[in-house]
Amino acid sequence: MAARAALRTTYARAVRHYRSRHTGPTSALVHAPHPYVRALGLLAVVLLGAWLGLLIVGSVRTPVGPMDTSMTLRPSLSGGTKINVSPLGALTLDSHHAPIRLDVDVDQLDPVRAQALVQHPERLSGLQEEITDDVADGTRELAFRSCVAVVSGATALGLAVYRRPRRALAAGGLALALLAASGVSAYATWNPKSVLEPKFSGLLSSAPSVVGSARSIVSEFDVYQKELARLVTNVTKLYDATSTLPTYQPDPGTMRVLHVSDIHLNPAAWEIIRSLVEQYRIDVIIDSGDTMDHGTAAENGFLDPISDLGAPYVWVRGNHDSKVTQQYLEGLKNVHVLDEGRAVTVAGLRVAGTGDPQFTPDRSVVAAGDDAERVAGIRLAAALRGQERAGTPVDIAVAHNPVAARETDGEVPLVLSGHVHQRKTELLPNGTRLRIEGSTGGGGLRALQNDEPEKVRTSVLYLDRDTRHLQAWDEITLGGLGLTTAEVSRHLPEENRPGAPYPTPSPSPSAPSSTGPSRAVTPTPR
């Protein structure tokens with residue numbers, strides 16, 4: 001027994017001696033990780049696991065107004081909300097400040113709910129509150145699912161890395177704490193109004209085809225509209241280089257007016273107009289209405305680029321523009337709103353106009369039809385006569401509907417209108433020339449419902465600076481959304497056809513012009 005005890009004692013001393021040599025202080029410094037390193041490693045595991053959890057199971061599908069959406073939380077340095085909505089691409093909103101971002105993907109516009117809003121525009125007034133409530137419901141569901149996702153992801157990855165349940169549970173707890181802190185920050189800074197898509201109402205009538213046939217261009221719509229504007233400039237230069245028609249020298253005394261109409265919420269129109277203003281040295285832009293689609297306050301932000309187009313902007317209300325639209329435009333710089341025969345002098349031109357008496361998106365009111373348009377035209381004609389008696393004769397009258405415009409025959413040399421989305425020039429019986437412009441917005445995004453997109457149309461009018469009479473006009477036609485064809489054609493009034501001398505301008509100092517024929521150019525897409 002004594003021998004066994006002595007042996008055990010000797011063995012114990014040998015073990016202690018071995019351990020003291022191989023696991024002493026120096027070895028501990030080499031093999032044991034620093035506490036900061038362990039903490040950073042745990043944090044990396046938590047963040048990676050939480051991100052993987054959100055990526056795999058952290059998404060919810062929820063209706064928002066007339067849209068079916070998918071909501072997801074993503075790590076972010078600045079927070080906010082990113083709405084991916086066709087056909088306008090992505091919209092980033094400063095909805096909150098937190099290390100998480102809310103991604104909302106619009107999967108489709110529900111045709112039943114969208115059609116209900118189109119048929120009952122009065123419901124649009126409550127759309128903001130409805131969407132806010134929908135987003136709040138979806139966010140609550142997303143918060144619960146995200147908690148499950150981050151805890152599960154961090155715990156699973158922690159178990160795989162550390163192979164210790166306690167470490168894995170610590171990773172899951174830390175992930176939940178970080179998400180809770182982010183949620184508190186987001187809740188404290190949440191701005192529900194910023195969740196709205198500002199041009200949303202203008203897209204309702206496009207359901208359900210917008211997401212389908214437009215998908216080929218919506219992913220880079222912003223790039224597309226800039227390239228479309230560049231196409232206008234390039235076509236003019238190509239027309240200059242290839243034209244074999246008679247050349248006319250530009251007259252510095254000629255006034256240039258850009259006539260646009262029926263933009264219908266197409267954001268590409270602003271880039272086209274801005275390009276034309278620069279290329280043709282436009283003195284004034286005249287818009288004969290239907291800039292909007294539903295005339296709601298939510299659409300007003302679409303109008304902001306008007307102030308920076310490079311030329312004064314004269315506008316009359318169309319049947320898709322509301323009084324809300326008109327009041328908003330009256331507050332923009334460089335914009336002149338005409339209504340009830342009001343006249344202004346812009347860039348040396350005296351222009352008078354009236355807004356459309358009808359607002360057709362409001363289905364609660366029975367449309368008055370052409371009778372109301374004629375009455376509006378008669379009132380405009382009376383205002384023109386009043387201007388004549390006051391010694392301030394009007395050079396150009398503007399009315400959205402051609403029915404109203406025709407009532408000014410004999411009271412003004414030139415009257416401009418739109419509405420019908422078809423370009424036409426007509427000399428009325430008493431000598432007034434009526435110019436009806438097509439849609440400068442290509443019929444708006446609703447045009448995508450057609451087999452072939454509607455063409456984009458606008459015209460440059462040349463007027464003598466002394467007489468203010470129309471000398472010539474260039475009709476500019478672009479292929480509709482997604483197309484790359486363009487045409488520029490020169491037209492002359494009968495009294496200015498070859499044989500009668502007149503100074504005809506051209507878009508640039510060296511650009512030739514024609515006496516009527518057009519030349520189509522189809523550049524190679526970039």
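Start by selecting Ser 185, which counts as partly exposed because its relative accessibility is 26% (buried is under 20% relative accessible area, exposed over 50%, partly exposed in between, with a 1.4 Å probe and protein chains only). You are looking at a predicted model, where local features need pLDDT of at least 70, side-chain atom pairs count only at pLDDT 80 or more, and totals for chains, interfaces and linings use all residues. Residues are numbered from 1 along each chain as its sequence is written, and side-chain values use heavy atoms, with hydrogens and water left out.

Ser 185 sits in helix 6 (residues 165–188); helices (H or I, at least four residues) and strands (E, at least two) are DSSP runs numbered from the N terminus. Beyond neighbours within four places in sequence, Ser 185 contacts His 97 and Ala 98 (contact means heavy atoms within 4.5 Å).

Next, pick Ser 288, in the loop between strand 7 (284–287) and strand 8. Ser 288 counts as buried because its relative accessibility is 0%. Among the residues it touches are His 259, His 400 and Ser 417, leaving out those up to four places away in sequence.

Now for the largest nonpolar core, which has 34 residues; such a core is a set of buried Ala, Val, Leu, Ile, Met, Phe, Trp, Tyr and Cys residues joined through side-chain atoms within 4.5 Å. Select Leu 258, Ile 273, Ile 285 and Tyr 313, the residues with the most contacts inside it. Helix 10 gives the most to this core, seven residues. Apart from it lies another core of 22 residues, including Val 60 and Leu 179.
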